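Subject: Structure handover

Hello,

Here is the structure for you to look through. My notes follow below it.

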Amino acid sequence: MLNIYKKYHIYRKYLIPMDKVLLLYSGGLDTSVMAKWIQKEMKKEVVTLTLNIGNSNLQKIKEKALGLGVSDAIVLDVKNEFSEKYIAKEIYADGMYEGYPLSTAIARPLMAEKAVLYAEEYGCNTIAHGSTGKGNDQVRFEVTMKALNEDINVIAPVRDWNMNRPDEIKYAKANGIDIPMGGKYSVDENIWGRSVEGSSIETVSNPLEYDVYEWVKPLEETGNGDIIDIEFKNGVPVSLNGKQYALKELVEKLNVIAGNNGIGLINHMEDRVTGIKSHEVYEVPGAMAIIQAHKMMESLTLNKSELDIKNYMDNQWSNFVYNGLWYDPVMEHINQFESSINKYVNGNIKLKLYKGNIVMQSIESENSIYNYDKISYDNSNFNQDSAKGFIDIYKNNTVYASNARKEKIKLIQ
């Protein structure tokens, strides 16, 4: 008997009884084994849900799910919804975790939301997902699902029954499940970014192998660069090089342009929610170009106080998203702040993309706070005499405290 059977029976007594299960289905090995396993070994009806947030072949995935005997296979193209309701909010908040745009994390609340919605519609009292016990996604899925419907059961067979790949492959072969030709790496992809982990990446003493690259060209293969023009309206990019696009299309076009110029490869050590430090590689060319352009536009249109507060709120927003807390009540307040302050982030910015660099060429906005007449050294439209009086008062806090400490030190000596 396969180990997977033994693991299941050990955990079975702890499971809440399930009548009908909605499975978040990708079409890969893990979720294909789950689809068959839940039906055959647990005697439960399965409905699959597949969301296209990148480049999934929905028809092919639906046919495969139905071929596994599931009662229904739901497939949805949600790229527009993902862009308008999730990516847009990340742009507002300059969403970055430990130096990279949040691509995988920002997709999880949408997936969890749809899973709960269709579980309720199809009468499923349980949702199954394919996350492992080492990663972040289990947290993101389950916290969000429970926040939306606390009564729904959630299982993660790979984690709960400690499945491993050899066991899954044996089970797939024994049950006639098509095993997709897996790549060298574990990859998660949507229109906002591509995450790559596993295999040789886990050996941190070695450089990245070239087969990691898919969206971003290695720097030595890039050309002479491109100049792009992005227009922002209320904090969201609405046109590229003078042509209007929906956010989804604009992101997809920038993925190509920025990627061809070596923009957006992030190779770093990451601190997971589960306390594990991992070596992760991200390809986020469009996201990196947009967020950097957005931050430059903010620097022109927001004052220092606004930027200080926004930097704090941006960091909080990013941590909450990364940690799976999209539906924590505080996020409503943070998102309201981000939406409010972004109404001033309007204008055009030209950028040079060259060998991994994003360099501002020009910037303009009707809400610009920059005042040429005040800053220019070529005119006298600034009363420099007032600076001395300002310094006389401004220095007091620092000077008085510094002198007091010096006196204290003298007394001690």
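Overall make-up

The protein chain has 15 helices and 16 strands, where helices (H or I, at least four residues) and strands (E, at least two) are DSSP runs, numbered from the N terminus. This is a predicted model, in which local features need pLDDT of at least 70 and side-chain atom pairs count only at pLDDT 80 or more, while totals for chains, interfaces and linings use all residues. Residues are numbered from 1 along each chain as its sequence is written, and side-chain values use heavy atoms, with hydrogens and water left out.

Along its principal axes, the C-alpha trace of the protein chain spans about 85 × 60 × 45 Å. The chain has 413 residues, of which 47% count as buried (buried is under 20% relative accessible area, exposed over 50%, partly exposed in between, with a 1.4 Å probe and protein chains only). Taking contacts between residues at least 6 apart in sequence, 73% join residues at least 24 apart; contact means heavy atoms within 4.5 Å.

The annotated site

For "binding site", the unreviewed UniProt entry lists Leu24, Tyr25, Ser26, Gly27, Gly28, Leu29, Asp30, Thr31, Ser32 and Gly130. The positions are in the numbering used here, feature names are shortened, and annotations may be inferred rather than shown by experiment. The listed residues span 107 residues in sequence, yet no two of their C-alpha atoms are more than 12.8 Å apart, so they gather at one spot.

Ser26 is in the loop between strand E1 (20-24) and helix H2 (29-40), and Gly28 lies in the loop between E1 and H2 as well. The side chain of Ser26 reaches the backbone nitrogen of Gly28 at 3.2 Å. That is a polar contact, meaning a pair of N or O atoms within 3.5 Å; within protein, one must be able to donate a hydrogen and the other to accept it, and residues adjacent in sequence count only if both atoms are side-chain atoms. Leaving aside neighbours within four places in sequence, Ser26 is in contact with Thr31 and Ile61. Ser26 counts as partly exposed because its relative accessibility is 49%.

Helix H12

Which residues of helix H12 (residues 329-341) are buried? They are Met331, Ile334, Asn335, Glu338 and Ile341. Seen down the axis of H12, these buried residues fall within an arc of 135°, so they line one face of the helix; the arc is that of the directions from the helix axis to the C-beta atoms. They pack against helix H4 (79-92) and helix H11 (304-322). The face of H12 turned away from the buried side carries the exposed residues Pro329 and His333.

Aromatic rings

Rings of Phe, Tyr and Trp (its six-membered ring) pair if their centres lie within 6.5 Å; planes under 30 degrees apart count as stacked, over 60 as edge-to-face and the rest as tilted. By this rule there are 9 aromatic pairs. Tyr118 and Tyr122 form a tilted pair, 6.5 Å centre to centre with 45° between the planes. Tyr118 counts as buried, at 16% relative accessibility, and Tyr122 as partly exposed, at 25%. The ring centres of Trp317 and Trp326 are 6.1 Å apart and their planes are at 80°, so this pair is edge-to-face. Both Trp317 and Trp326 are buried.

Ring pairs also link Tyr97, Tyr100, Tyr282 and Tyr322 into a cluster. Arg140 lies over the face of Tyr322, 4.8 Å from the ring centre. A charge sits over a ring if NZ of Lys or CZ of Arg is within 6 Å of the ring centre and within 35 degrees of the ring normal. The charged end of Lys352 likewise sits over the ring of Tyr354, 5.3 Å from its centre.

Regards
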